[in-house]
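Here is a short briefing on one protein model. Look over the sequence and the coordinates before reading on.

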Amino acid sequence: MAPTPARDLLRSLPPVEEVLRSPQVSALAPLLPHDILADCVRDAVDAVRGAILDGSRAPVDGGALADDACARALACLRPSLRRVVNATGVVVHTNLGRSPLADEAVHAVTEAARGYSTLEYDTDAMARGSRHDHVEGLLCALTGAEAAIAVNNNAAAVVMVLAEFAQGREAVVSRGELVEIGGSFRIPDIMAFSRARMVEVGATNKTHAADYERALTPETAMLLKVHPSNYRIVGFSEQVGMRELRALADAENERRRAAGAEGDVLVYEDQGSGAFINLACFGAHAEPTVAESLRGGCDLVSFSGDKLLGGPQAGIVVGSRQLIGRLKKNPLARAMRLDKMTLAALEATLRLYLDPERALASIPTLRMLSEPDDAVRVRAERLADALRSAVPAGCARIEVVPEVARAGGGALPLCDIPTFAASIAFEQGDAQGCEAFLVSKRAVPVIGRIKHEAVLLDARTIGEDDIAEVADAVSAYFEGLGSAGAGA
């Protein structure tokens with residue numbers, strides 16, 4: 001029986017060793033171990049084999065196969081975690097690393113990382129110190145708290161607080177605050193993990209003080225208020241304020257003392273975003289700052305370090321000295337503690353807040369959120385001019401368009417931030433192809449978005465230093481279209 005075309009194609013696949021000896025692949029031999037290079041060749045051969053088995057009848061191109069193996073090998077040399085240009089208009093973009101650090105924080109990280117440090121050494125006492133000391137005083141000064149502790153993220157902070165104060169007891173929470181955020185992080189699951197017994201009160205859209213009051217029992221350990229993160233319930237809705245929760249807890253604690261019962265009911269807020277400054281751009285959608293929540297009656301407040309605070313990933317708990325002291329002694333505090341580089345970045349970021357004007361100018365997240373619309377438009381015009389100079393004539397229509405930016409990171413979901421973007425409408429190529437090229441084919445990916453078949457590059461999250469990088473990337477896409485056409 002005559003062999004099928006597929007069999008002929010499969011037999012024409014070159015051996016791995018033959019591809020390894022090709023000029024393209026052998027040139028990479030000094031850069032990568034032989035085993036890794038061979039694996040890249042096998043993957044390239046397997047990709048062609050799979051295409052044949054799926055029905056492709058194109059002749060096997062040995063040169064193209066070697067080029068694919070080279071591309072796979074070069075990808076192994078490229079860091080997986082690397083810088084990108086955020087052109088999405090989402091300031092605190094979780095997928096892109098949330099808040100960029102201030103220059104002062106970057107310098108502090110470098111200094112801490114390059115040698116030894118005073119991580120747990122007290123130079124005044126010339127003895128062992130505590131890593132908590134580096135940020136605790138600053139956090140207290142900035143929020144009015146008596147004490148503070150920082151762990152590796154806010155989810156860890158929530159777990160630790162619940163495990164320490166509500167394990168085996170009841171934590172009362174509104175049904176309208178049983179949130180799920182990115183990565184399927186759900187408050188009910190966290191409460192179950194920490195072995196706190198969740199008591200739901202109220203309805204999804206309305207919860208009253210009386211709902212909390214009716215739920216109080218001798219087993220109640222805390223009244224929990226949860227930041228709703230990336231959604232809001234609007235219209236026919238109501239929620240209970242912090243001062244009302246404080247009054248309920250105080251009344252219950254008085255009853256317990258009168259009856260000789262032990263254990264106070266705590267008021268704990270998982271604030272999430274952790275704003276230290278309410279910017280004018282937040283308008284009517286501004287959230288309470290950490291200091292305001294403490295003044296409102298919270299015993300403990302936890303929040304993220306890398307959202308509206310604009311620092312590194314961290315989970316920070318502030319509040320009562322006695323309660324924070326218990327958290328410091330909890331075994332989870334060691335399991336979830338911060339490393340020296342994160343502490344260095346957090347300390348440097350907090351120091352900037354001692355001068356609010358300096359914080360607004362120096363912390364990238366605050367600067368991007370608060371930058372005047374006119375300044376964003378000027379940068380968008382510069383970006384559009386650079387794109388027009390870089391893109392061949394007749395390939396695309398480039399203009400500046402008004403858009404809406406977002407705070408991101410689950411913060412301020414109803415806050416529309418005016419912005420301006422460079423819009424690329426295609427005469428050659430298309431938006432999907434350009435977006436894929438900017439993301440997957442560049443050493444520094446450019447992450448934008450598509451709207452009405454145009455690629456939008458939002459100037460609110462693009463820095464002046466990024467403009468040339470973005471223009472080069474877009475130019476390379478159109479140059480590739482020209483090369484492909486010439487080759488055809």
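**Briefing: backbone, surface, cavity and salt bridges**

Arg195 sits in the loop that runs between α9 (187–193) and β9 (197–201). This is a predicted model.

**Positive phi angles**

- Arg195 is not a glycine, yet its phi is positive, at about 65 degrees.
- Arg195 counts as exposed, because its relative accessibility is 59% and the cut-off for exposed is over 50%.
- His452 is another non-glycine residue with a positive phi, here about 50 degrees.
- The place of His452 is the loop between β17 (449–451) and β18 (454–458).
- His452 has a relative accessibility of 73%, so it counts as exposed.

**Nonpolar surface patch**

- Which residues form a nonpolar patch on the surface? They are Leu31, Leu74 and Leu77.
- Together, these leucines have about 280 Å² of accessible area.
- Leu77 belongs to helix α5 (residues 62–77).

**Cavity**

- The count comes to one cavity of 30 Å³ or more.
- The largest cavity has a volume of about 50 Å³.
- Its lining is made up of Arg131, His132, Val135, Ile149, Ala150, Arg337, Leu338 and Leu343.
- By class, that lining has five nonpolar residues, one polar residue and two charged residues.
- Arg131 and Arg337 line the largest cavity, and both also take part in a salt-bridge network with Glu120 and Arg128.

**Salt bridges within helices**

- How many salt bridges does a search of the whole structure find? It finds 34.
- One of the pairs is Asp39 with Arg42, whose closest N and O atoms are 2.9 Å apart.
- Asp39 and Arg42 both lie in helix α4 (residues 34–53). They are three residues apart, about one turn of the helix.
- Asp39 is partly exposed at 42% relative accessibility, and Arg42 is partly exposed at 41%.
- Arg72 pairs with Asp68, and here the closest N and O atoms are 3.1 Å apart.
- Both Arg72 and Asp68 lie in helix α5, four residues apart, about one turn of the helix.
- Arg72 has a relative accessible area of 30% and is partly exposed. Asp68 is also partly exposed, at 28%.

- Arg83 forms a salt bridge with Glu469, with the closest N and O atoms 3.2 Å apart.
- Arg83 lies in the loop between α5 and β1 (85–86), while Glu469 lies in helix α20 (residues 467–487), so this pair ties together parts that are 386 residues apart in sequence.
- Arg83 counts as partly exposed at 45% relative accessibility.
- Glu469 counts as partly exposed at 24% relative accessibility, because buried would need a value under 20%.

**Salt-bridge network**

- Which residues are linked in a network of salt bridges? Glu120, Arg128, Arg131 and Arg337 are.

How values were computed. Residues numbered from 1 in each chain as written. Predicted model: local features only at pLDDT ≥ 70, side-chain atom pairs only at ≥ 80, totals over all residues. Heavy atoms only, no water. Helix = DSSP H or I, 4+ residues; strand = E, 2+ residues; numbered from the N terminus. Buried < 20%, exposed > 50% of the residue type's maximum accessible area, 1.4 Å probe, protein only. Patch = residues over 30% accessible without salt bridge, like charges linked within 9 Å, V, L, I, M, F, W, Y side chains within 5 Å. Areas by Shrake-Rupley, 256 points an atom, 1.4 Å probe, with all protein chains shown as cover. Salt bridge = Lys/Arg side-chain N within 4 Å of Asp/Glu carboxyl O. 1 Å grid on protein atoms, 1.4 Å probe; cavity = no way out; pocket = protein on both sides within 12 Å on 5 of 7 lines; lining within 4 Å. Points joined across faces, edges and corners; volume = space filled by probe spheres on them. Nonpolar A, V, L, I, M, F, W, Y, C, P; charged D, E, K, R; others polar.
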